[in-house]
Amino acid sequence: MAVLIKPILTEKATSSNESGKFSFIVDGKANKIQVKKAVEKTYSVNVLSVNTMNILGKSISKFTKTGIVNGRKPSYKKAIVQLKEGEFIDFYSQV
């Protein structure tokens with residue numbers, strides 16, 4: 001099971017990187033301890049705390065030729081990781 005799926009690179013998440021907080025989309029069944037170990041192993045940093053939250057997918061409706069189609073975007077689990085003072089994860093170095 002891959003615990004870390006991908007980092008969140010939105011404007012809001014990137015602005016919190018300066019204070020040492022980094023956001024990731026993680027596996028829905030992963031707990032805080034698994035997320036902490038995965039981040040420390042993958043990025044070679046020290047994690048102080050992990051906050052997780054389940055994000056419910058938004059409901060969407062499309063107006064098509066055949067009528068209105070209702071659906072839902074997928075739900076996911078998000079983890080916000082607080083790193084030790086002075087440590088940083090550079091997501092763009094691997095691009």
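1. Helices (H or I, at least four residues) and strands (E, at least two) are DSSP runs, numbered from the N terminus. The model is predicted, so local features need pLDDT of at least 70 and side-chain atom pairs count only at pLDDT 80 or more, while totals for chains, interfaces and linings use all residues. Residues are numbered from 1 along each chain as its sequence is written, and side-chain values use heavy atoms, with hydrogens and water left out.

2. On the largest pocket: strand 6 gives the largest share of its lining, three residues. A pocket here is an open set of points on a 1 Å grid over the protein atoms alone, where a 1.4 Å probe fits, with protein on both sides within 12 Å along at least five of seven lines; lining residues have an atom within 4 Å of a point. The volume is about 200 Å³, taken as the space filled by probe spheres set on the points.

3. The lining consists of Ile8, Thr10, Lys12, Ala13, Ser16, Lys21, Ser23, Tyr76, Lys78 and Ile80. Two or more residues come from each of helix 1 (11-15), strand 2 (21-26) and strand 6 (76-83). By type, the lining has four nonpolar, three polar and three charged residues. In this scheme Ala, Val, Leu, Ile, Met, Phe, Trp, Tyr, Cys and Pro count as nonpolar, Asp, Glu, Lys and Arg as charged, and the others, Gly among them, as polar.

4. There are five aromatic pairs in the structure. Rings of Phe, Tyr and Trp (its six-membered ring) pair if their centres lie within 6.5 Å; planes under 30 degrees apart count as stacked, over 60 as edge-to-face and the rest as tilted. Phe22 and Phe91 are edge-to-face because their planes stand at 80°, with ring centres 5.9 Å apart. Since Phe22 is in strand 2 and Phe91 in the segment after strand 6, this pair ties together parts 69 residues apart in sequence.

5. Phe24 and Phe91 also make an edge-to-face pair, with centres 5.8 Å apart and planes at 80°. Phe24 is buried at 1% relative accessible area, and Phe91 is buried at 8%; the cut-off for buried is under 20% (1.4 Å probe, protein chains only). Phe22, Phe24, Tyr43, Phe88 and Phe91 form one aromatic cluster.

6. The largest nonpolar core has 18 residues, and Phe24, Val35, Val39, Tyr43, Val81 and Ile89 touch the most other members. Such a core is a set of buried Ala, Val, Leu, Ile, Met, Phe, Trp, Tyr and Cys residues joined through side-chain atoms within 4.5 Å. Helix 2 gives the most to this core, four residues.

Technical notes:
Buried means under 20% relative accessible area, exposed over 50%, partly exposed in between (1.4 Å probe, protein chains only).
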